[in-house]
Amino acid sequence: MMDEFGRFLEATPAITGEAKAAARTRLLEAIREPVPLPPTPQPTPPARRRGPRLAWRLALAASVALAVGAGVITVRGSGEPATAPVAAVRELGDKAARSAETDPYQITSSPGRWLYVKQTIAPLRQEPEPEVDRDRRMTLETWHSLDGKQLALDDGRGRLVTEEYGPGVTAADLARAPVTPEEMIARIGASVDATPVTEFDDADATREERIFLRISQLLGEQPLVADVRAALFRTLPMIQGVSVRQDAIDAAGRHGLAFVFTGAWERFEIIVSAQDYRFLGTYGESVADRTFDLPGGATRTVKAGTPLVWSAHMTAKVVDKAGERP
């Protein structure tokens, strides 16, 4: 699989750091960008679009925030999940926030250090198609600079590759007083607004969807202090359209609860433990049929219910340099 990834790196043309961040955030996870959702009918299918090749590459290569799939122990159904009303979203946000506030693990930011993240993910079935494999798992290790601007990972040949990449807002930005849910949504929203929509983005994604995905990315990839993590969990119920899934499953088979956002084309979940409400991972699947243009003139229709990303967040520790394991 990692040799496969190495070939993807060579085959994918260089793009800007902004485009990488935008595409990564869109997925996952990641969860890895995200007001009101379209209230009614299914959107009219747009003209065929170029497939988000970079996003698929990063889904395989860079986890984050945004990976999740559909069933290692239990195969998830393709129908719409049962969700709970807004009151339940606020309750889950508050419980997850209180758990974050009492988390004994403390992050101390210092220049030059990196956050090591280890995830279990469902890999892509076949590049460049976006579907992840429900029946396979791989371990993904990434390193994220504490300034929130760089990502490092193995290129599949034992060589550490570092790229400019980040969520557009740093842990330090979010830790500035006052640290409140209102400030979190304002700062993340400003970052989303300042990120240009590129050909690798889903142009149909609402601002709420992009904010939701950006929070997913931050929770999975950034060295956040306890009060920031708590504020982010309290921010999720403030995003219009967020609901709760009662029995979500991460890529390691752990059961929990999930914050859910359903957009015009995709549904994403941020999964937390049902016992202690810590962050477990992410899941995403398509909710409507959609046709993309692929390289070489081919097309690919992604069917509703296709799993797009599935992850389990296993370890996150601060280390002295990229490539170092705790």
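What percentage of the 326 residues in the chain is buried? Buried residues make up 57% of them, where buried means under 20% relative accessible area, exposed means over 50% and partly exposed lies in between, with a 1.4 Å probe and protein chains only.

Colleagues, this is a predicted model, in which local features need a pLDDT of at least 70, side-chain atom pairs count only at pLDDT 80 or more, and totals for chains, interfaces and linings use all residues. Residues are numbered from 1 along each chain as its sequence is written, and side-chain values use heavy atoms, with hydrogens and water left out.

I begin with confidence. The pLDDT, the predictor's confidence in each residue on a scale from 0 to 100, has a mean of 77 over the chain, and 70% of the residues reach 70 or more. Over residues 1-80 the pLDDT is below 50, yet this stretch has 296 contacts in the model beyond near neighbours in sequence; contact means heavy atoms within 4.5 Å.

Next, the overall picture. The chain has eight helices and 13 strands, taken as DSSP runs numbered from the N terminus, with at least four residues (H or I) for a helix and at least two (E) for a strand. The accessible surface is about 13,100 Å², and carbon and sulfur atoms account for 51% of that area, by the Shrake-Rupley method with a 1.4 Å probe.

Let us turn to the hairpin of S11 and S12, which has five residues between the strands. In the turn, glycine 296 has a positive phi of about 90°. Strand S11 (residues 290-293) and strand S12 (residues 299-302) pair in the antiparallel sense over four bridges; pairing requires that DSSP find at least two bridges between two strands. Arginine 290 has valine 302 in S12 as its bridge partner.

Two buried polar residues complete the tour. Serine 273, in strand S9 (residues 266-273), is buried, with a relative accessible area of 6%. A polar atom of its side chain lies 3.0 Å from the backbone nitrogen of glutamine 275. Leaving aside neighbours within four places in sequence, serine 273 is in contact with Gly256, Arg278 and Leu280.

Arginine 214 belongs to helix H7 (residues 207-221) and is buried, at a relative accessible area of 2%. A polar atom of the arginine 214 side chain lies 2.5 Å from the backbone oxygen of proline 167.

How values were computed. Polar contact = N/O pair within 3.5 Å; in protein donor to acceptor, adjacent residues only side chain to side chain.
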